[in-house]
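Q: I have a new structure open on my screen and I'd like to learn how to read it. Can we walk through it feature by feature?

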2 protein chains.
Amino acid sequence: MAGPTAAKPKSPVETRDPAAIAAAIAALTAAFGNRIVTSQSVREQHGNTLTWVPNQPPDAVVFPQTTQDVQQIVRICADKRVPVIPFGTGTSLEGHINAPLGGVSIDVRDMNKMLAVHAEDLDCVVEPGITRKALNEQLRDQGLFFPIDPGADASLGGMAATRCSGTNAVRYGTMKDNVLAMKVVMADGELMTTSRRAKKSAAGYDLTRLLVGSEGTLGIITELTLKLSGIPEAIASGVCPFPSVDAACKATILTIQSGIPVARIELLDALQIKACNAYSKLALPEVPTLFVEFHGSDASVAEQSQRFGDIVADLGGGPFDWATKAEDRSRLWQARHDGYHAGRRLRPGASAFATDVCVPISRLAECVNATQREIAELKLVAPILGHVGDGNFHLTLLVDMDDADELKRAKLLMERLVELALSMDGTCTGEHGVGQGKMKYLLAEHGAPALAAMAAIKRALDPQNILNPGKIVALS
Amino acid sequence: MAGPTAAKPKSPVETRDPAAIAAAIAALTAAFGNRIVTSQSVREQHGNTLTWVPNQPPDAVVFPQTTQDVQQIVRICADKRVPVIPFGTGTSLEGHINAPLGGVSIDVRDMNKMLAVHAEDLDCVVEPGITRKALNEQLRDQGLFFPIDPGADASLGGMAATRCSGTNAVRYGTMKDNVLAMKVVMADGELMTTSRRAKKSAAGYDLTRLLVGSEGTLGIITELTLKLSGIPEAIASGVCPFPSVDAACKATILTIQSGIPVARIELLDALQIKACNAYSKLALPEVPTLFVEFHGSDASVAEQSQRFGDIVADLGGGPFDWATKAEDRSRLWQARHDGYHAGRRLRPGASAFATDVCVPISRLAECVNATQREIAELKLVAPILGHVGDGNFHLTLLVDMDDADELKRAKLLMERLVELALSMDGTCTGEHGVGQGKMKYLLAEHGAPALAAMAAIKRALDPQNILNPGKIVALS
């Protein structure tokens, strides 16, 4: 067990310190035995990154089983001034789990239990390693579900840490709206409870929302209280082609303005539809297309579908292809979720990079059209799909990494996409998060005073800079 | 204009400093002329407090007209190490606007403009002094409204600063869910933008949610971007008596579990109904009663009302009294909003103190019943009304301030109410905020690590402790 840290210097760790790391690994090995792993393959897997950012593996991976284990790991590492990087399923997209200063990856896969379900309160308490699908399987018998669906079968801890959202966010919100409270191990190993289980509170600073989206840089989540929703009595899904991106976006705006509580409304551009047709054996017209879903009572779903149909017809969209059977619906949304993999098949052998931006919905069509023009001008291949109800869209950029000129053009596209979004009062990332990949855009997005506030908060809560350093805000 | 503050000491201001205050008032008078007021009556009005907390007036009140004015006031006060206390309409309930260390009240009443409405994006940009009713009047022509309704005609800046909610929160959320972005003057006079206008973002720490509910202790809000909703096509309101608090709470739980998107669901206990009957000339049965409202399309409102009616009948509630005409609906909700004034009339001459707690909804009936027992045992008069869809309820405690024993019993009730709520995983305040009145409960509610994190954040963003000091977290 590590000693008290009070006497240690509180200056931030800024470089990799091999001696400190070796000492921490020795102490962790004494405490955790075969639950600490230092093999090359496991380390590389835990620095896994799906971006341009090169893999920077941690020096060791520890597998805690309890909150107390996490506290002990953090205390040891705080004592030795060694970074700790929380790890869920490794599906983050911007180098969130890399270890640029080395250190210890804390993989919470064994902390995957459902601790309580409070059906009357529509909430549950879980450990951070439970995945979205496992959670929903355990809730199904009680007629409940957790609505946030980022596509990947991510861990709930990771989903909270990255403030993820996904297809259902237009109706159910993002992780910021669906986490009621958390237990978080702080930089000194103390365990903080961010809030109570009451549905709302005005009792002080909103630590829950501060921690959601902090990407492991302010604390390590070891327990989450989540808001749940009742499984809808009725669900209707459909696919609707449009003559243009503008028409599809206009339909989305009118749907939301009309107060139709659409549960999902997803835009796939013509190229993305072509990719999905090939990958998922569909035969959709290769034009801009909305995938939609309505939740509610039978009567309400029928009314929503009818009203949406009227909007679509006015804009020259359709005909609608409704998936009424559960298995057709699953097939449809599986195709949507496989959009990334489908995109990759457009150019076998190429590397695929996913990125996202989000703009006010009134600017969405303009932003998507401008992006498509940039892609064509730069002679790149990049299908687009988006959570258009929120003004959020993704590119899957397919790049031949051996072609230096193409790589240069691809990087240019990324820059221009962010510039475009910021020029429209948008954000450099709607849901993927900052990680390492998007740090360079935060100054342009937020301005110096906001970035200074973020750095001040980071310094205040992690004076040694050991919590996932080198992500979100640079301290040096 | 104040000079740079970098050379000044950054230690926190802990006591009232008359010389510093005099110097700040002189500098402010030079800059703002007759827009700074030091008369006794205006000062007392700006320390106005509707709680037990005694009035602690500021030394001066300044009326800025622009964000730049606020920056200049803060820079002058930062330079002199003098507290600044933002003031909206003075309707906060826990001593939020008192000046325990003296200083300058910044009254934003002249910063009350609507700056932009983006109807397609369902958002608008406003100055902080605009009130809820003025805002909704300006939005009505466009078929839009801002749903948060705390009862009082509060300013939007104050509503954000206290994370207020109210009757519509069960459907539309609280201020944390309805503020997209803010401009905030920080402790050094710099202007921070918390976020962009995009509907969601994962780009760094959630400064918007950190500032919402921070009660002026981290920065002074000078502009807000608000989420708007479409005015519902149809609205149905009704009043429904129940045989017991338990039955009314059970009906609420089942309504929410069934996914009926109730817009308001308010419990008034028998004593509160008696008070409302007398004050608002109603003739309701004096039993526990739910006031409800449904929003949606005609068909959806009819379906919601029908389904709610079925739940009520199963629990022995009813008969329902529906207010179908707009004027009947207004009268009904006016009576609900006048609940506080009605309560006061139960005991003319007594002082009235409003307090609130919030618990998980499954514990609500138990909490209300136990509170009623405490009120009876302590021989006090305190009608109860609550936003029961959120598990949140209010007491209006009517106290003869000349009766020392009664005052003692009343204070005991307040303590017991909070203890009770905390023992049920609830919070010491669902929507009134901390101010001075509820600071003493935060340690029991959040625990030492969370309180330490709040204090660290406060110190990091306001090292001189000049932003509304003595609220939320004590630094000494």
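Predicted model: local features only at pLDDT ≥ 70, side-chain atom pairs only at ≥ 80, totals over all residues.

Q: Which residue of β18(A) is the bridge partner of A:A354?
A: That's A:T396.

Q: What is the order of the strands in the open sheet of chain A?
A: To read a sheet, go across it from strand to strand. Here seven strands form an open sheet in the order β15-β12-β14-β13-β17-β18-β16 (chain A), and the pairing is antiparallel. β15 (321–323) and β16 (351–358) of chain A are the edge strands, each pairing on one side only. From one strand to the next, the twist averages 20 degrees.

Q: How many bridges are there between β12(A) and β14(A), and how many join β12(A) to β15(A)?
A: β12(A) and β14(A) pair over eight bridges in the antiparallel sense. In that pairing, A:S237 has A:E293 of β14(A) as its bridge partner. Three bridges join β12(A) to β15(A), again antiparallel.

Q: How many of the residues of β12(A) are buried?
A: For burial, count the C-beta atoms around a residue: 20 or more others within 10 Å makes it buried. In β12(A), six of the eight residues are buried, so the strand is mostly covered.

Q: Which strands does helix α12 of chain A lie across?
A: Helix α12 (residues 326–337) of chain A lies across β12 (234–241), β13 (264–268), β14 (289–296) and β15 of chain A. Its direction is at about 55 degrees to β12(A).

Q: And helix α15 of chain A, at what angle does it run to β18(A)?
A: At about 170 degrees.

Q: Let's zoom out. How many helices and strands does chain A have?
A: Chain A has 17 helices and 18 strands.

Q: What is the radius of gyration of chain A, and what would a compact globule have?
A: The idea is to set the chain beside a globule with its number of residues. With 476 residues, a compact globule would have a radius of gyration near 23 Å, and chain A, at 23 Å, agrees with that. Along the principal axes, the C-alpha atoms of chain A fill a box of roughly 70 × 60 × 40 Å. Buried residues make up 58% of the 476 residues in chain A. Among contacts in chain A with a separation of 6 or more, 71% are between residues 24 or more positions apart.

Q: Now single residues. Is A:E127 buried or exposed?
A: A:E127 is buried, because 23 other C-beta atoms lie within 10 Å. You'll find A:E127 in the loop between β6 (123–126) and α4 (132–140) of chain A. Not counting residues up to four places away in sequence, A:E127 touches A:M111, A:N112, A:K113, A:L115 and A:E223. A:E127 and A:V184 are 57 residues apart in sequence and 11 Å apart in space, C-alpha to C-alpha.

Q: Where does B:G317 lie?
A: In the loop between α11 and β15 (321–323) of chain B. B:G317 is buried, with 24 other C-beta atoms within 10 Å. Leaving aside neighbours within four places in sequence, its contacts are B:C240, B:P241, B:F242, B:A247, B:A251 and B:V312. B:C240 is 77 residues away from B:G317 along the chain, yet their C-alpha atoms are separated by 6.8 Å.

Q: How many residues of chain B are in contact with chain A?
A: 78 residues of chain B are in contact with 77 residues of chain A. On the chain B side, α17(B) gives the most, with nine residues. That side divides into 32 nonpolar, 27 polar and 19 charged residues.

Q: By what turn and shift can chain B be laid on chain A?
A: A turn of 180 degrees and a shift of 0.0 Å along the axis do it, with an RMSD of 0.0 Å. That is the relation of a two-fold axis. The same surface serves both copies, as 99% of the contact residues of chain B recur in chain A.

Note on methods:
Residues numbered from 1 in each chain as written. Chains lettered and ligands numbered in written order. Contact = placed C-beta atoms within 7 Å. Helix = DSSP H or I, 4+ residues; strand = E, 2+ residues; numbered from the N terminus. Nonpolar A, V, L, I, M, F, W, Y, C, P; charged D, E, K, R; others polar. Least-squares fit on C-alpha atoms with pLDDT ≥ 70 in both. Pairing = 2+ DSSP bridges. Axes fitted to C-alpha atoms, helices over the stretch in contact; angles between N-to-C directions. Buried ≥ 20, exposed ≤ 12 C-beta atoms within 10 Å, placed from the backbone. Rg over C-alpha atoms; globule rule 2.2 N^0.38 Å.
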